Structure formats: C-alpha cells, structure tokens
Amino acid sequence: MSTVVKDTHHDEHPSGIMRWLTTTNHKDIGSLYLWFALIMFFIGGLMALVIRSELFQPGLQFVDPQFFNSMTTMHALVMIFGVVMPAFTGLANWMIPIMIGGPDMALPRMNNYSFWIMPFAFSMLLSTLFMDGGAPAGGWTLYPPLSLQTGDAFPFLIFAIHFMGLSSIMGAINIVATILNMRAPGMTLMKMPLFVWTWLITAFLLIAVMPVLAGGVTMLLTDKFFGTSFFNAAGGGDPVMFQHIFWFFGHPEVYILILPSFGVVSAIIPTFARKPLFGYSSMVYATASIAFLSFIVWAHHMFTVGMPLAGEVFFMLATMLIAVPTGVKVFNWVTTMWRGAMTFETPMLFAIGFIVMFTIGGFSGLMLAITPADFQYHDTYFVVAHFHYVLVPGSIFAIMAAVYFWLPKWTGNMYPETLGKVHFWLSTFFVNLTFFPMHFVGLAGMPRRIPDYSLQFADYNMIASFGAFGFGFAQLIFVYLIVKTIRGGEKATDEVWEGAEGLEWTLSSPPPYHSFNTPPVIK
Amino acid sequence: MGTVKKLIFVCVFMFFFSFALIPLYNIICDVTGLNGNTSNLKEKVNTFSEVVSTEKLNIQFISHEVNKNKLEFKPKEFEMTISPGKVYSTLYVATNKSNSKIVGQAIPSVSPNEAAKYLKKLECFCFEEQTFKPGEVVELPLYFAIDEKMPKRIKTITLSYSFFEAIDVSKKN
C-alpha cells in the first residue's frame with residue numbers, strides 16, 4: 001500500500017515508572033488504558049461474583065442486603081466507566097493514529113492527563129467501600145431520593161463521576177481533533193476504516209452527553225448539601241426530572257458502549273472472510289442514524305413512571321426505529337461473510353460470537369421497547385439479561401476480539417491460537433449459562449437488585465451462579481495469554497493476517513515507537 | 001486549534017443545557033399538553049360552560065402528612081359524588097400539634113394523570129403559602145369543578161395533597 005519510513009532514532013524515553021507517568025505517546029497511553037481496563041475488569045468481576053454467590057441460593061447467606069446493593073451499584077459503575085469505556089479509548093489511542101496515517105494523537109499532553117485522571121477517579125470511587133454508611137447502594141442510576149440517602153460516600157461518588165466524565169470528554173475531544181486534523185493526505189472521510197468512523201461518532205456522543213451527566217449529578221450534590229430543590233418535592237422539585245436528565249445522558253451512553261464494537265467487528269469480519277466489507281457507506285450512515293436516534297428515546301427507560309399515553313407511544317416507536325439501522329449493520333456483516341473464504345481464528349470467533357449474541361440482546365431490547373409489555377418486564381431480571389447480553393458478549397467480546405486481532409501487531413508475537421480458542425469457547429458457554437436463565441426468571445417476575453428471592457427461582461439462579469464463576473475463571477486464561485504473548489512467542493509478520501487490509505498492517509510488528517512521521521501514500 | 005475550541009464550547013453548552021432541561025420540560029409539557037401535573041393556579045370561571053352534565057362520578061380526597069407529629073392534615077370529607085360542570089366546595093383541616101409556627105404549602109396531585117387537566121380549582125389553599133400558629137386548627141377551603149369535556153371512561157378521580165414545610169436553607173443539615 002505504501003512505503004513506510006521507519007524512524008527509530010526518536011525512540012528515547014525515560015525508563016521505569018517515569019516513562020508511563022510522563023508519556024505522551026499514543027501507543028503507551030493506549031496500553032495504559034487497556035491495562036487499566038483489564039485490572040478494573042477483575043475488580044468489577046469480583047463484585048459480580050459476590051452478587052452471584054449471594055444469589056446462589058434463596059435466603060441471605062454471605063453478605064448483608066446493604067452491601068449487596070453496594071455491590072450491584074459499584075459493579076455497574078466499575079464495568080461501565082472503568083472497563084468498557086477505557087478499553088475502547090485505549091483501542092482508539094493505539095489504532096486511530098496508525099489507521100489514518102497520522103504521527104500521534106492531536107493533543108498528546110492532554111492525552112496523558114485524560115488517562116492519569118482515571119486512577120484517581122477510581123481510587124476515590126473504590127475508597128467508598130471502606131466508609132461509614134458504606135459504598136453507594138442506590139443503583140448506578142443514582143435516582144433521588146434514594147441516592148441522597150447515601151452516607152459519607154456521596155460526595156466521593158459525585159466527584160468520582162465528575163472526574164470520569166472529565167477524562168472521557170478530554171479523550172473524546174482528542175479523538176475528534178485527531179480524526180479531523182491528523183489524517184494522511186488522501187485519507188478522505190469516506191476512506192477511513194469503520195473503527196475510526198464509529199469512534200468519531202462515539203466521541204461526538206461523549207462530548208454531547210457527559211456534560212449532561214455532570215450537570216445532573218451536580219444538582220444531586222447541591223440538593224444534598226446546599227438546600228436546592230431540583231429533585232426535592234418538598235421544595236417544588238420533581239424526582240422524576242432526575243430520571244429524565246439521567247437518561248438523556250444514559251441512552252446515548254449505551255451507544256457509546258457499543259458503537260466502537262461495531263467498528264471492531266467491521267474490521268475483523270472482512271479480514272477473515274477475505275472479502276471487503278459489504279455496504280461500507282450504509283454502515284457509516286447506519287452508525288450516524290443510531291447516534292441521532294439515541295437522543296430521542298431516553299424515556300423508554302422510565303415507561304412506568306406515569307407518562308402520558310402520547311409520550312409512551314412516541315418513545316416506543318422511536319425505540320423500535322433503532323432496530324432498522326442496527327439491522328442494516330447485522331445484515332451487512334452476514335453478507336460480508338456470505339461466500340467468503342472464511343477461517344476461524346480467535347478474533348473471528350469472538351466477532352461471530354458478538355454478532356449472534358449481540359443480536360439476542362437486541363431482540364430482548366425490542367421486547368422491552370413495547371410499552372405495555374415493559375410494564376411486566378420493568379426492573380426484573382429480564383432487563384438484567386438484556387443489557388448483559390449486549391454488554392458482555394457484545395461490548396466485552398468485541399474488546400477481546402480487538403485484543404486478539406491486534407495483539408500480534410502490538411507485541412510482534414503471535415498469541416497461542418489453541419488457548420485463544422479455548423478461551424472463546426469457555427467464555428461463550430459460561431456467558432450463556434449465566435445470562436440466558438435470567439430471561440426466564442425475569443419473565444416469571446424475579447425483581448432485580450434484591451439479595452433474596454422466592455423459592456421458584458432457585459434452580460435457574462443456581463445455574464446462573466455456576467455460569468458466572470465459570471466465566472470469571474475463564475478470563476484468567478485471557479490474562480495468561482496476554483502476558484505470555486508480550487513475553488515472546490512465534491514472531492508475527494507485518495501483515496499478521498492473510499486477508500488484512502489497512503495502514504496498520506503496513507507497519508512493522510511491533511510498530512516503531514513513532515510511526516508515520518512521514519505521511520503514507522494512500523491509494 | 002479551531003476544532004478543540006468548538007468542542008469545548010459544545011461541552012460547556014451541554015453542561016448548562018442540563019440545567020436548562022428543567023424549565024424546558026415544563027414548557028414543552030405545557031405547550032404540547034403532555035402534562036400530568038394538576039395546575040397550582042387559579043382557573044377562570046368562564047373557561048368552561050355552564051352546562052351541567054347528568055353524568056355522575058366520584059371524587060376522593062386524600063392527604064399525605066409528611067410529619068404527622070407536627071402537623072395533622074386531613075380532608076373533612078373523604079369522598080363526594082359530583083357532576084361535571086358544577087362547582088363544588090370541600091374543606092381540609094390542618095392542626096398544628098407542635099409548639100412552633102409552621103410555614104409551608106400543600107402540593108396537589110391527581111390520579112389518574114389524565115384527569116388532571118379537567119380538574120379546575122377556583123379557590124384553593126394550595127395557591128399560596130400557609131402559616132399555622134402553635135396549637136391552631138384551621139379549615140382550608142377548596143372550590144373546584146370538573147370540566148365536562150373529561151373522557152366518560154373516568155369514573156373516579158383522586159385528589160391528593162401533601163403538605164410540605166417551606167425549606168429553611170439556613171437550617172438544613
């Protein structure tokens with residue numbers, strides 16, 4: 001595709017810890033984000049296992065209900081803000097500059113700040129576990145008045161969210177600035193890889209909605225400590241107003257968590273099907289439509305608060321409309337595979353797993369969109385099954401697919417293929433064992449966020465708990481495999497995968513510390 | 001760089017937009033009529049016709065006492081049978097059981113939501129702040145009518161009042 005000027009004489013950087021604290025290199029910062037996400041994945045996973053241990057049998061066994069509620073709240077906050085979002089930002093840092101032929105991110109110093117805010121934000125959040133009154137236990141959605149009853153942890157929670165938001169906004173500004181200003185000559189917008197496109201749209205979503213979350217939690221803070229009454233009925237406020245503000249952020253947020261996965265899958269499927277991606281421009285437009293629609297569907301999270309009929313009908317239909325662009329994407333991936341010369345290496349397995357299981361989550365989402373049906377499903381385990389299907393075998397599988405896909409490029413070494421496949425099959429088996437039974441108990445009426453349940457839900461909960469522990473332990477294979485690949489292994493070629501297309505594969509494996517100082521020539 | 005400045009502007013704008021959402025929701029609900037809240041304002045008598053419907057429906061009165069030991073706040077009648085289009089009156093009774101002055105306001109709520117906009121209040125103690133001296137028993141009048149345009153399927157309306165003390169910011173916490 002192009003001739004690459006290998007420029008290695010700028011490789012000097014401080015050694016030891018100072019390299020990582022002061023780095024402004026997009027590859028270093030990408031790695032930091034990914035390591036951070038991996039560590040938080042295990043912390044959040046441990047919390048999930050506390051939840052599943054308690055729910056293994058009916059009755060109260062291991063933890064008290066307050067701590068159980070803290071676990072559900074913290075598990076969500078850690079997994080959303082500490083795992084999926086940083087992991088995608090890490091992938092963006094690593095891949096976007098080398099996918100568009102730019103030398104680095106547009107704002108390298110800010111890139112360093114936006115990463116190093118994260119460990120402080122999460123130290124603050126996790127420190128609440130040891131405070132008087134316990135960690136936040138009112139759910140990650142922070143609905144008042146319940147969330148206002150949080151003890152000493154409350155201001156820590158709010159400021160941790162402010163910092164996470166700040167970090168995401170800085171990251172997003174950097175990504176937009178990079179994509180709009182740092183492309184190599186000839187890299188027009190409609191030639192960009194889909195991962196870059198999906199991230200561009202995600203970054204705009206982040207810039208638009210993270211400040212709304214910041215505003216909403218600031219109002220909670222002033223309601224608690226400064227006597228305002230934004231959400232306090234006694235002072236003329238309205239607690240439901242918080243739900244509107246929260247979900248005005250929250251619904252675009254769920255697309256922030258999934259759109260970059262669409263980009264990852266759109267990179268992997270064509271590689272292993274050895275065919276160009278079917279319907280590139282329709283993929284771009286579908287992503288943009290999903291992003292637009294995400295702003296006008298927020299109230300489907302709150303059908304049961306007592307909305308007027310016209311509101312419920314509007315939000316139901318707008319929500320169902322999202323299935324159209326999402327369907328376009330799924331069909332495009334399937335059509336890309338159609339009659340392709342497919343091979344099933346680990347990244348491809350994760351990508352296909354993503355398509356199948358994300359679609360299951362999409363269908364349960366459509367069921368939840370039906371207002372009258374949602375009155376039954378609301379706040380049951382059916383909702384838990386739905387969003388775990390789109391987030392675990394959805395976003396998390398896409399992140400794992402991306403790691404397997406680009407790890408040989410990052411490290412210069414091939415990962416052990418058989419072990420990767422074992423990791424995929426164990427993860428797939430256990431993730432379904434965990435979350436599929438939740439559909440049944442949810443439809444039967446088991447409420448979420450409660451440490452105890454009626455006897456008739458016992459069997460499926462036991463199965464789900466087995467699945468959760470299996471899934472958790474299977475992830476140790478992932479860590480082992482990453483460490484082993486970094487340490488050594490069979491050398492990867494520059495192209496790594498036979499059918500790979502794109503600028504990243506024109507660089508050496510591993511790529512030089514500074515790449516594309518001279519812009520590549522784009523065909 | 002231009003891009004970064006624009007993006008920072010969007011961030012700052014959206015932060016303030018989140019605060020603007022509160023009045024915006026109220027404006028949008030008023031304009032589109034998607035409002036489930038009953039009005040806290042006096043209705044003009046001539047907004048509905050003098051035709052008295054022969055339909056009968058029940059209206060129930062309830063109250064929420066936020067702090068029962070301080071202020072007892074109850075409707076005098078719990079239920080009335082009424083006809084749409086006619087003006088009725090009833091009373092709520094407040095008893096200050098504490099040793100201090102209570103200042104606050106009653107906030108109305110109507111169930112079902114759909115009925116809210118057809119319930120017209122001509123005179124209500126909820127329009128303004130109330131002051132109760134220690135030990136005082138006060139009868140609070142309410143004059144209301146149901147607009148006869150209300151859908152026939154609504155047979156029972158519940159009108160609920162919660163009395164909230166005015167928040168003294170300096171004393172909070």
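**View 1. Polar contacts between chain A and chain B.** Across the interface of chain A and chain B in this predicted model, 3 residue pairs are in polar contact, both residues at pLDDT 80 or more. A polar contact is a pair of N or O atoms within 3.5 Å; within protein, one must be able to donate a hydrogen and the other to accept it, and residues adjacent in sequence count only if both atoms are side-chain atoms.

**View 2. Extent of the interface.** In contact (heavy atoms within 4.5 Å) are 38 residues of chain A and 23 residues of chain B. The two chains bury about 2,500 Å² between them, 77% of it on carbon and sulfur atoms; buried area is the accessible area (1.4 Å probe) that two parts lose on being put together, summed over both. On the chain A side, A:Ile173, A:Ala234 and A:Met241 lose the most area to chain B, together 18% of what that side buries.

View 3. A:Arg448 is found in the loop between α15 (417-443) and α16 (458-487) of chain A; helices are DSSP runs (H or I, at least four residues), numbered from the N terminus. Because its relative accessibility is 17%, A:Arg448 counts as buried (under 20% relative accessible area, 1.4 Å probe, protein chains only). Not counting residues up to four places away in sequence, A:Arg448 touches residues including A:Asp379, A:Tyr381 and A:Phe387.

**Notes.** Residues are numbered from 1 along each chain as its sequence is written, and chains are lettered from A in the order in which they are written. Local features need pLDDT of at least 70, side-chain atom pairs count only at pLDDT 80 or more, and totals for chains, interfaces and linings use all residues, while side-chain values use heavy atoms, with hydrogens and water left out.

Terms used. Helix = DSSP H or I, 4+ residues; strand = E, 2+ residues; numbered from the N terminus. Buried < 20%, exposed > 50% of the residue type's maximum accessible area, 1.4 Å probe, protein only.
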